[in-house]
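This report walks through selected parts of one protein model. Please keep the sequence and the 3D view open while reading.

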Amino acid sequence: MQPAIDLARVAAALESTPTVAYSAPHDYPHAASMFSRSPGARRERFTAPAMRLYAHIPFCNYACSFCCYAKHVGAGEAEMRRYVQALKTELEWVPQGTPLSQLFVGGGTPTALPAELLDEVLAAINDRMPRAGDHVHTVEASPESITDPHLAVLRARGIGRISMGIQSLQDGVLDAVRRTHGTRVAVDACRRIVDAGFILNIDLMYGLPGETEQGFRDDFELLAANGVHAVTAYSLRLNEFTPVSRQLAEAERFSLPRLVRWRAFIRDLATELGYTQTRWHTFKRLDGIAARHERLPTSGDDLRGYQFGIGLSARSSLGHTVYRNHRGRTTYVQRVEAGESPVEELIRLGPADLQTMFIARTLGDGQRLRVDDYGRTFGTSLFDDHGGTIARLRDGGLLDSDASSVGLTETGKLAYDLVTLAFYPQPAKDWLLGRLGSYQVA
C-alpha cells in the first residue's frame with residue numbers, strides 16, 4: 001500500500017512553478033515555446049552519424065476540441081497532393097544518403113492522406129535516407145481513417161509501430177470533445193493493426209469532460225483484451241488552442257489532488273493489467289514486440305541536436321538552435337515552392353536552456369540525474385547551479401538526493417511534469433505563468 005501523500009507539503013515545494021505547458025515538460029524548450037520570429041531563416045547544416053526525422057501531416061477528418069496541433073480539416077485531394085510535393089521538396093535539404101536513425105510521422109492524422117499519397121511520402125524518405133540500424137519507426141493514425149491499404153503501405157515501407165489516438169471509448173466523452181469514432185470502430189482498428197503484426201500504441205487522455213475513473217478502467221481493460229501493446233496516458237493540457245477549456249466544469253479542472261489521484265490510479269491499473277511503466281506516461285507489455293521500441297534521443301552528449309522536421313509547424317533541432325516552420329499551410333507551401341526556407345521562428349539555446357534540457361531529458365524522463373554526468377557536460381556543479389531547487393523539492397518529498405545522484409521519489413513520480421517545470425529557467429517560468437495564467441490549475 002502506498003503511503004499517504006502530504007499534498008500541502010508538495011504544494012509548498014511547487015509554489016510559483018507553472019502547472020501547465022505547451023507540451024510534456026521533459027520536451028524542453030518546446031513546452032515553453034519562447035520562439036523569436038525569424039521568417040525565412042536558413043537552418044544550419046549539421047552533420048551527425050545519423051539523423052532523426054519528423055514529418056508533419058496536418059490533415060484531419062474533424063477537429064477535436066482538445067487538440068492544439070497545427071491541422072487542416074476538409075482538404076481535397078488536390079490540396080493534399082500539393083502539400084505532399086512540398087514535403088518532398090523540403091526533404092531535399094537533407095543530403096542524399098544521410099542515415100536515418102528514427103522516423104516519426106505525426107500530425108494531424110497521417111492516415112487522413114489516401115494510402116497512395118502516404119506511400120509517396122514514405123518512399124521519398126526511404127529513397128533519400130537509408131535506415132541506420134533496426135530501430136522502430138512510427139506513424140500516427142486514427143481509428144476511422146486507417147484502412148487495410150494504409151497498413152499494406154506501412155508494412156512495405158518498413159514502419160514497425162502505429163500510434164493511434166483514441167483518447168476514450170466512452171460515447172459521452174467522445175461527443176464532448178468532437179470525436180466521431182465509437183467503440184466498435186476503434187476496437188476493430190486495434191484488432192486489424194495487431195493482426196497485421198505492428199506494435200500498437202494507443203493514446204488515452206484523462207481529465208476530459210465527463211470522464212470517470214470507471215470509464216477509464218473500462219477503456220484500458222477493453223484495449224488490453226484486444227492485444228494493445230502499449231498505452232500512453234496523457235493528462236488534458238489546456239491552452240489558447242484547445243476549445244475544450246471552455247467546456248470543463250469547475251470540478252473537472254485539475255487540481256494537484258486530482259492530478260495525483262488520477263496518476264496513482266492509472267499506474268496501479270496498468271500494473272494490474274500487465275503493463276510496465278517505462279516512462280512517466282507510457283505503459284508497455286514488455287513480454288512481446290513492444291519491447292523492441294525505444295525512442296532515440298534527438299541530441300548527443302553535447303546536447304547538439306540532430307533532428308530535422310518537414311512540414312508546416314515542424315521543428316528542427318540542429319546544433320544549439322531550434323527552428324519551427326510556419327504554422328499556416330498556404331504560407332508553408334508557397335515558401336517551399338518558391339525555394340525559400342519555411343522557417344518562421346527559432347530559439348537559440350543558451351547555457352541555462354542546455355542545463356534545463358539535460359535535467360528534463362534525464363530526471364524528467366524517468367532516469368536518475370547523475371552529478372558526475374552533469375559536471376562533465378557543463379563544467380560546473382549541479383548543486384551550485386540548482387541546489388536551491390533541489391533542496392526545496394526534496395523538502396517537499398518530491399526528490400531524493402545524495403552526493404552522486406538525484407531522483408524522483410514515489411510521490412515525485414506522480415508530479416513528474418511539475419517537478420521538471422521547477423527546474424525551468426526563470427524567464428521560461430515567467431513566460432508560462434503569464435501566457436497560460438488563465439488555464440492554471442489550483
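## Basis of the report

The model is predicted, and side-chain atom pairs count only at pLDDT 80 or more.

## Strand β2

Strand β2 spans residues 51-57, and seven of its seven residues are buried, so the strand is largely enclosed by the rest of the structure. In a regular strand the side chains alternate between the two faces of the sheet. In β2 both faces are covered. One side carries M51, L53, A55 and I57, the other carries R52, Y54 and H56, and all of these are buried.

β2 pairs with two strands described here. With β5 (residues 100-107) the pairing is parallel and runs over seven bridges. With β12 (residues 305-310) the pairing is also parallel, over four bridges.

## Helix α4

Helix α4 is made of residues 148-156, and its residues H150, L151, V153 and L154 are buried. These four cover an arc of only 160° around the axis, which puts them on the same side of α4. An α-helix has 3.6 residues a turn, so residues three or four places apart point the same way.

## A three-stranded sheet

Three strands form an open sheet with antiparallel pairing, in the order β16-β18-β17. The edge strands are β16 (369-370) and β17 (399-401), and each of them pairs on one side only.

The pairing between β17 and β18 (residues 405-408) is antiparallel and has three bridges. Within it, S401 has V406 of β18 as its bridge partner.

## Residue T278

T278 belongs to strand β10, which covers residues 276-279. Is T278 buried, exposed or partly exposed? Its relative accessibility is 33%, so T278 counts as partly exposed.

Leaving out residues up to four places away in sequence, T278 touches K284 and L286. E294 is 16 residues from T278 along the chain, and the C-alpha atoms of the two are separated by 10.0 Å.

## A pocket and a cavity

Rolling a probe the size of a water molecule over the atoms shows where empty space is left. The second largest pocket holds about 210 Å³ of space. Its lining includes R42, R43 and R45, along with T89, E90, E92 and W93. V336, G339, E340, S341 and P342 also line this pocket. By class, the lining residues of the pocket are six charged, three polar and three nonpolar.

How many cavities of 30 Å³ or more does a search of the whole structure find? The search finds two. The second largest cavity has a volume of about 60 Å³. Its lining is made of 13 residues, and S317, V322, L349, M357 and R361 are the ones that lie nearest the centre. Strands β13 (315-319) and β14 (321-325) each supply at least two of the lining residues. The lining of this cavity divides into six nonpolar, six polar and one charged residues.

Technical notes:
Residues numbered from 1 in each chain as written. Predicted model: local features only at pLDDT ≥ 70, side-chain atom pairs only at ≥ 80, totals over all residues. Heavy atoms only, no water. 1 Å grid on protein atoms, 1.4 Å probe; cavity = no way out; pocket = protein on both sides within 12 Å on 5 of 7 lines; lining within 4 Å. Points joined across faces, edges and corners; volume = space filled by probe spheres on them. Nonpolar A, V, L, I, M, F, W, Y, C, P; charged D, E, K, R; others polar. Buried < 20%, exposed > 50% of the residue type's maximum accessible area, 1.4 Å probe, protein only. Arc of directions from axis to C-beta. Pairing = 2+ DSSP bridges. Contact = heavy atoms within 4.5 Å.
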